[in-house]
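Please keep the sequence and the model in view while reading.

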Amino acid sequence: MSKTSRTSITMPTSAKKGAIIEIRAIAQHDMESGFRYTESGKLIPREIIQVFTCSYNNVEIFKADFFSGIGANPLVIFTTIATETGTLEFKWVGDDGYEAINQARITVS
């Protein structure tokens, strides 16, 4: 079963070549550690985002591995250098078929 969520990317739409740009990526995901129990004593299955990646014109530029201690709606903030006009693709992959993908364009002059 494939699960999806809402994602949001905040970054400049244009930059000078060589400029450092800040990128903020968030996925709305409740995250469940797999260590909690229901009131009736049943273990709640783990459901977390495991990996976040960002590719710039199909070249991976950032990767983060998440573990059960990560909070809900994880926000990732990182920087990269504006090298050329193109597309950044953001991908979140997690338990139980979870996958979310978002893209943003940047124009570099």
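## Strand pairing and the sheet

Trp92 stands opposite Ala100 in strand S8. This position belongs to a predicted model, in which local features need pLDDT of at least 70 and side-chain atom pairs count only at pLDDT 80 or more, while totals for chains, interfaces and linings use all residues. Residues are numbered from 1 along each chain as its sequence is written, and side-chain values use heavy atoms, with hydrogens and water left out.

Strand S7 (residues 86-94) and strand S8 (residues 99-108) are paired in the antiparallel sense, over eight bridges. Strands here are DSSP runs of E with at least two residues, numbered from the N terminus, and two strands pair if DSSP finds at least two bridges between them. In general, the strands of a sheet pair through backbone hydrogen bonds, either parallel or antiparallel. In this model an open sheet is formed by five strands in the order S2-S8-S7-S4-S5, with mixed pairing. Its edge strands, each pairing on one side only, are S2 (14-15) and S5 (59-65).

## Aromatic pairs

A pair of aromatic rings is described by the distance of the centres and the angle of the planes. Rings of Phe, Tyr and Trp (its six-membered ring) pair if their centres lie within 6.5 Å; planes under 30 degrees apart count as stacked, over 60 as edge-to-face and the rest as tilted. By this rule there are five aromatic pairs. The pair of Phe52 and Phe90 is stacked, because the ring centres are 6.5 Å apart and the planes stand at 20°. Phe52 lies in strand S4 (residues 49-56) and Phe90 in strand S7, so this pair ties together parts that are 38 residues apart in sequence. Phe52 is buried at a relative accessible area of 0%, and Phe90 also counts as buried at 0%; the term buried means under 20% relative accessible area, exposed means over 50%, and partly exposed lies in between (1.4 Å probe, protein chains only).

Phe62 and Phe78 have ring centres 4.2 Å apart and planes at 10°, so this pair is stacked. Phe62 belongs to strand S5 and Phe78 to strand S6 (residues 75-81), and the pair links distant parts of the chain, 16 residues apart. Phe62 is partly exposed at 23% relative accessible area, whereas Phe78 counts as buried at 6%. Ring pairs join Phe52, Phe62, Phe78, Phe90 and Trp92 into a cluster.

## The nonpolar core

Which residues have the most contacts inside the largest nonpolar core? They are Phe52, Phe90 and Trp92, in a core of 26 residues. Such a core is a set of buried Ala, Val, Leu, Ile, Met, Phe, Trp, Tyr and Cys residues joined through side-chain atoms within 4.5 Å. Two or more residues of this core come from each of strand S3 (20-27), S4, S6, S7 and S8.

## Two buried threonines

Thr7 lies in strand S1 (residues 7-10) and is buried, with a relative accessible area of 19%. Its side chain makes a polar contact of 2.9 Å with the side chain of Asn102. A polar contact is a pair of N or O atoms within 3.5 Å; within protein, one must be able to donate a hydrogen and the other to accept it, and residues adjacent in sequence count only if both atoms are side-chain atoms. Leaving aside residues up to four places away in sequence, Thr7 touches Ile26, Ala27, Trp92, Ala100 and Asn102, where contact means heavy atoms within 4.5 Å.

Thr80 lies in strand S6 and counts as buried at 14% relative accessibility. With residues up to four places away in sequence again not counted, Thr80 touches Ala19, Ile20, Ile21, Ile23 and Ile61.

## Salt bridges

A salt bridge is a side-chain nitrogen of Lys or Arg within 4 Å of a carboxyl oxygen of Asp or Glu. The count by this rule is four. One of them joins Asp95 and Arg46, with the closest N and O atoms 2.8 Å apart. This pair links distant parts of the chain, 49 residues apart: Asp95 is in the loop between S7 and S8, and Arg46 in the loop between S3 and S4. Asp95 is buried at 11% relative accessible area, while Arg46 is partly exposed at 39%.

Another joins Arg24 and Glu22, whose closest N and O atoms are 3.1 Å apart. Arg24 counts as partly exposed at 34%, and Glu22 counts as partly exposed at 41%. Lys91 and Glu99 also form a salt bridge, at 3.7 Å between the closest N and O atoms.

Conventions. Helices (H or I, at least four residues) and strands (E, at least two) are DSSP runs, numbered from the N terminus.
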